[in-house]
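Q: I have a model open and want to learn how to read its features. Can we go through them one at a time?

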Amino acid sequence: MKTLRTTLVLALVAAASTAWAAPASFTGSYNQNFNSMGTTGTSLLAGWSAYSMAGSHDLFTPADDTINKGVLPNMTAGTLTAVTTLTAGVPTTQKDSTAYNFGLSTSTSDRALGTSPSGIAASILELSLTNSTGAALNAINISYDIRRFTTTANNNTGYASGNYGAVEELPGYQLFYSLNGTTWTNVAALSPKLSGSTGVVVPNSVGVTNVTPTLISLNSAWANNSTLTFAWLDDNAQGPSPDQLLGLDNVTVAIPEPSTYAAILGALTIGFVVTRRRGARRAA
């Protein structure tokens, strides 16, 4: 009986380890270009997880959708199912609810972690990092590339605006972070759009959008030895499909430059002093 119990426990631990990746250590900087997955790799790299979110292609919509206006992506809209095995290859056509090890047809050694949700609400890629710097962090810099491997067709008439009628989806990845794995904060400054001269522009064309290093002021301190998780959400195309095939590449997370960090701490200190003074006046 003891042997059976031990076997069951080990089996459960093994199953859990494939569904939820152990966080990668963060000592001040983290870089990942996914090339170590190789052309045939099917395993997620250390610190990475992938999920599919239950729902349909109409769960998230642009603000000018005439059918269901402005339901923006969020991390609690549907049940998440872990994806434990990647599909490797060169992206060509609409995929499904799994996650991918995508490579370029012109350079197959250049890999990206890919998504192309179908039959679900969204595909999600997550990176979990353990703070191993020895100090609490109140802000972090992040940069990454969004690869577009395919385009979509103009076969949707449910939008008032031609901006979305030709692409059928919210473009690119919506970025979220969480300090507890439950409460998620959208990084609004990095929400992608289809056109413009500023911000994260992900047009309906094959190519790469470079998200330059961006400072994220966390809503609470990232304590030493605790976990910070980033999540990139790719919503399913609005019907009718197909969805774009997207890839996440060249992810960098780093402690802000000392001058930037000093400015943040200075602002926080000023706010603390002002709050204390107000409290002292009320008490008097």
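Q: Start with the rings. How many aromatic pairs does the structure hold?
A: This is a predicted model. It holds seven aromatic pairs.

Q: How do I read the geometry of a pair, say F34 and W48?
A: Take the centre distance, then the angle between planes. Planes over 60 degrees apart count as edge-to-face. The ring centres of F34 and W48 are 5.1 Å apart, and the planes meet at 65°, so this pair is edge-to-face.

Q: Which parts does that pair tie together?
A: F34 lies in the loop between strand 2 (29–32) and strand 3 (48–53). W48 belongs to strand 3. The pair therefore ties together parts 14 residues apart in sequence.

Q: Is F34 buried or exposed? And W48, buried or exposed?
A: Check relative accessible area; under 20% means buried. F34 has 1%, so it is buried. W48 has 2%, so it is buried too.

Q: What is the arrangement of Y100 and F102?
A: For planes under 30 degrees apart, the label is stacked. Y100 and F102 have ring centres 4.9 Å apart and planes at 10°, so they are stacked. Y100 is buried at 3% relative accessible area. F102 is buried at 2%.

Q: Which residues do ring pairs link into a cluster?
A: Follow the pairs from ring to ring. Here they link F34, W48, Y144, F230 and W232.

Q: Now strands. How many of the nine residues of strand 13 are buried?
A: Count burial residue by residue. In strand 13 (residues 227–235), eight of the nine are buried, so the strand is largely enclosed by the rest of the structure.

Q: How do I read its pairing? In which sense do strand 8 and strand 13 pair?
A: Look at the direction and the bridges. Strand 8 (residues 122–131) pairs with strand 13 in the antiparallel sense, over nine bridges. Strand 10 (residues 174–178) also runs antiparallel to strand 13, joined by five bridges.

Q: Where is N250, and what is its phi?
A: N250 sits in strand 14 (residues 246–254). Its phi is positive, about 50°, and N250 is not a glycine. At 34% relative accessibility, N250 counts as partly exposed.

Methods. Residues numbered from 1 in each chain as written. Predicted model: local features only at pLDDT ≥ 70, side-chain atom pairs only at ≥ 80, totals over all residues. Heavy atoms only, no water. Phe/Tyr/Trp six-rings, centres within 6.5 Å; stacked < 30°, edge-to-face > 60°. Helix = DSSP H or I, 4+ residues; strand = E, 2+ residues; numbered from the N terminus. Buried < 20%, exposed > 50% of the residue type's maximum accessible area, 1.4 Å probe, protein only. Pairing = 2+ DSSP bridges.
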